[in-house]
Amino acid sequence: MDSDDLVRASDYHELVQVADPAVSPDGNRVAFLRKVPDDDESYETTVYTVPADGSAEPRRFTASEGVDAEPRWSPAGDRLAFCSDRGTEGTPQLRVVPADGGESERVTDVAGGVSNIAWSPDGTRIAFTQTTRRAEREDGYDLDAPEEYEREPPDPRVEDRTVYRAFQSYFDGGRSHVYVVDLNDGEVTRVTGGDNRDYQFPAWADDDHLYYAVKAPADDPDHSIEFDIERVPADGTGESEHVVTTTDYGPQVAVADDGRLAYPRTPPERASMQQTDLCVFDPATDEETVVTADLDRSLHRSRAYAWDGGAVHFLTPDSGQVTVRRATGEDVETLVADGAATDLDAAGGTVAVPRSTAEHPADVFALAADSAEADGALTRLSAVNDDYLASHAYGVPEAITFESDGHEIDGWVLTPPDADDDEQFPLVVEVHGGPHVTWTAGGGMWHEFQTVAARGYVVFWSNPRGSLGYGEAFAQAIAEDWGDVTMTDVLAGADAVAERDDVDETQQFLTGGSFGGFMTGWMVGHTDRFAGAVAQRGVYDLASFYGSTDSAYKLVEGDFDALPWEEPESLAAQSPVTYADEVETPTLVMHAENDYRVPVCNGEMFYRYLRRNGVDTRLVRYPREGHELSRSGEPGHVVDRIERIVRWFDGYSAHHDAPRALDRERNDGLSAGDDKDGDDEGDE
C-alpha cells in the first residue's frame, strides 16, 4: 500500500463533519450543517438540505462565507432561519432565507450575538437568546447595536461570581436574556430582565407566550443546578409564571403540539455521578412523568430530544452505542440500536440524526418515525466523506469484550491497514474523557485512531467502569476512586489485546485527554509498562482543578464527595501529581492556553513535576484554544496535536526508526515544518 493512501493527520483538512439536523414540518426535507476546514485557522460551516427519502444528493443552501449555525424551518416550511457571523466578525446574527432558495436576509444587529433560535407558531417572530453586559442593555445595544460598536474586555477584570468563565471565555459581567424579533419590521424586544440571572432555551408555548429555563433563586445560583421553567408573555409585558422546577446542567425545553413539555432531570445529590432522566410535564393536569424511569440509561449529553406525533424522541448511550429511542407515555421503544448518533430532530413522521458507525465517520440519516431500523426504514442521506474513504486505506475496528474485576467491559481494537499476518505492532492504549461518557466503534475519534493505526500501531480503546451506557451502578463504580478502578479495567483490556499474535506486548503506549489525561498521569505514576505516554488537557491535581475550573468543580464534590479544605489528604492521594516521583515513562504533556474547563496550570504543574524528577518530558501549549481543541480547535492545531502524539511514540518505539522528539527540532517532521526559532532548549 502506497503511503499516500494511508490516513494522515494532515488529512483532517479533507474530512467533513455534519451536525445539527432540522426536519421540515412536513417531514420531507432535512437541513443540516456541513463543516470542513477552510485553512489552518478556520472552518467553512454552511447549511445543506436534502430530501428525507434520500432521492437526491444534499445541496448547499447558504453561502460559503462565515460560520452558519442552528438551521430551523418555519412552521409552514416556507423559510429557513439560521445564525451566521457572515460579515459580522464573529458575532452571529439571525438570517432568514426562503425555503426554495435565494439570498438570505439579515434580521438582527445585536451586540451579544444570536443563539437558541425558535420560531413562533404563526411564523411571524423568532425568539432567541444573547449574552450582554449591563451597559450594553442600558444603551440598547442588545436591541440594535451601532455598526462601529466593538466590545472591549474589562481592564482589570473584577469577578464576584463563583463561576466567572467557561470553556475558553470569560463572562465579563454578561448575562443571557430572552429576546423576540418581529420579522415584519425587524423590531427586537427583550422579554426577560435583570442583572443577576441567566435566561436560556426559549420555546414557544403558543403565539403569545414563551417558556424558558432560569436558575432558581439561591444564595449562590452558580453553585446550584436547580432551574425553574417559567412562562412569560412574548411581548415583554406582564409577569412570569412558574411552571415546573428541575435539576440539570442544561435543561432545554421542548414543547409538544398538545402543550406538554419535555426536559431533563439529574438528581442533585452528587449530581456528577447521576444518570439524567427525561421528564414530561403536562400543564393541563400539573402532572409530571419520568419517561425513562425504568430504562437505567442516561440521556445523551447533547440533551437532544424532539416531539413528533405525540411522542418524544431522544438519544441514550447504550453498551458502546448511542441509541435512538421514542417514548409514548411511559412506553419506551428503540428505533435505532447501533451506531453513534450525536444529535436528533423529528417532525412530520421523520427522525433525522447525524450518525457514525465502525465503517465511516458521521453522515446524516433519516428514519420513518413509525418504523424501526429492523424494518429497513433507516435511510442514509449524505455521504460526505465517501470520496476520501474510497481513496484511502483504513481499518474497521473489532469489538471485543473482556473481564475485569468481575465485570464485562466493552472495547475495540484497530489494526494497521493491510498488515501482514505474521507482523507484530506496538500497542497504543487510548482512554476517554468525562469520566462519565461513552466511546463507540466510530464517533469523533475516527480520524485520530485511523492516523495512529496507519502509522504502524494497534489501537485499543474501551468503556471502563464510570462510563455511561451500562447502567447507574456501572457509572458510579468509580465513586471516590477515579484512578485504581479505571486503571484496573483499562489494563485488563490492554492485557487481553497484548495476547494477540499481531501485538508486541513489550511495546505499549498510552494517551488520553481530560479525564483520559488524568488517567494517563495516574497510570504512568503507578506502572512502568508503557514505553511512552502523552497526557492531554488532564486533571493532575484535584485541589487546584477545583479552584480554577468552571462549573466542573462539582465533579470533585460529586465524584469524590469531598472539599479540598476538608479532605486535602484524600484528594492529594487521588491526584496524579502526588506520584510524579514514581514516573519513569517518557511523557509528553499537551494543554490549551485558554482551557477554562481544565486550566493550563494543571498541565504546567504536571510538566514541572516530571521535569524536576528527571523524566523525559516536554510541554506543548496551544494558544487561542480551549478544552475542545481535539474536536473543534483550529484545524492547524488539530493536525499538529495528532502529529506530535505519534512522533512522541515513534521516538520510543522499537518498531520505528525515529529519534526521540526531544532530540529533534521542535517542528521537525510535522506539518508546521522545521523549527524557525533556532532555540530548542526548554519547553514548548
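Predicted model: local features only at pLDDT ≥ 70, side-chain atom pairs only at ≥ 80, totals over all residues.
Helix α5, residues 482–498, and helix α6, residues 515–524, have axes that come within 10 Å and cross at roughly 85°.

Which residues of α5 and α6 make the contact? From α5 we have Trp 482, Gly 483, Asp 484, Thr 486, Met 487, Val 490 and Leu 491. From α6 come Phe 515, Phe 518, Met 519, Trp 522 and Met 523. Sorted by class, the contact of α5 with α6 has nine nonpolar residues, two polar ones and one charged one.

Now let's look at the sheet. Eight strands form an open sheet with mixed pairing, and the order to trace on your screen is β32-β33-β35-β34-β36-β37-β38-β39. The edges are β32, residues 398–404, and β39, residues 617–622; each has a single partner strand, so one side of each is left without a neighbour in the sheet. On average, neighbouring strands of this sheet are turned by 25° against each other, direction ignored.

In what sense do β37 and β38 pair, parallel or antiparallel? Strand β37, residues 532–536, and strand β38, residues 587–592, pair in the parallel sense, over four bridges.

Helix α3, residues 446–454, touches β33 (407–414), β34 (425–431) and β35 (458–462), and its direction makes about 150° with that of β35. Our friend α5 is back as well: α5 packs on the sheet, touching β32, β33, β34, β35 and β36 (503–513), with its direction at about 120° to that of β32.

On to charged pairs. How many salt bridges does a search of the whole structure find? The search finds 43, and I'll show you a few.

In one of them, the side chains of Arg 86 and Glu 103 meet, at 3.6 Å from N to O. Arg 86 sits in the loop between β6 (79–84) and β7 (93–98), and Glu 103 in the loop between β7 and β8 (105–106), so the pair ties together parts that are 17 residues apart in sequence. Arg 86 is buried, with a relative accessible area of 8%, whereas Glu 103 counts as exposed at 60% relative accessibility.

Next, Glu 288 forms a salt bridge with Arg 265, and their closest N and O atoms are 2.5 Å apart. Glu 288 is in strand β22 (residues 287–290) and Arg 265 in strand β20 (residues 261–265), so this pair links parts that are 23 residues apart in sequence. Glu 288 counts as partly exposed at 34% relative accessibility, and Arg 265 is partly exposed with a relative accessible area of 22%.

A further salt bridge joins the side chains of Asp 640 and Arg 644, at 2.6 Å from N to O. Both lie in helix α12 (residues 635–650), four residues apart, about one turn of the helix. Asp 640 is buried, and Arg 644 is buried too. There is also a network: salt bridges that share partners join Arg 161, Arg 175, Asp 198 and Asp 222.

Let me finish with the backbone. Most residues other than glycine have a negative phi, and most peptide bonds are trans. Where does this model depart from that?

A cis peptide bond joins Asp 155 and Pro 156, with omega about 5°; Pro 156 is in the loop between α1 (134–138) and β11 (165–166). The peptide bond from Gly 434 to Pro 435 is also cis, with omega near 5°, and Pro 435 is in the loop between β34 and α3.

As for phi, Asp 286 has a positive value, near 60°. Asp 286 is in the loop between β21 (277–282) and β22, and counts as exposed at 58% relative accessibility. Glu 480 has a positive phi near 65°. Glu 480 lies in the loop between α4 (472–475) and α5, and counts as partly exposed at 43% relative accessibility.

Conventions: Residues numbered from 1 in each chain as written. Heavy atoms only, no water. Axes fitted to C-alpha atoms, helices over the stretch in contact; angles between N-to-C directions. Helix = DSSP H or I, 4+ residues; strand = E, 2+ residues; numbered from the N terminus. Contact = heavy atoms within 4.5 Å. Nonpolar A, V, L, I, M, F, W, Y, C, P; charged D, E, K, R; others polar. Salt bridge = Lys/Arg side-chain N within 4 Å of Asp/Glu carboxyl O. Buried < 20%, exposed > 50% of the residue type's maximum accessible area, 1.4 Å probe, protein only. Pairing = 2+ DSSP bridges.
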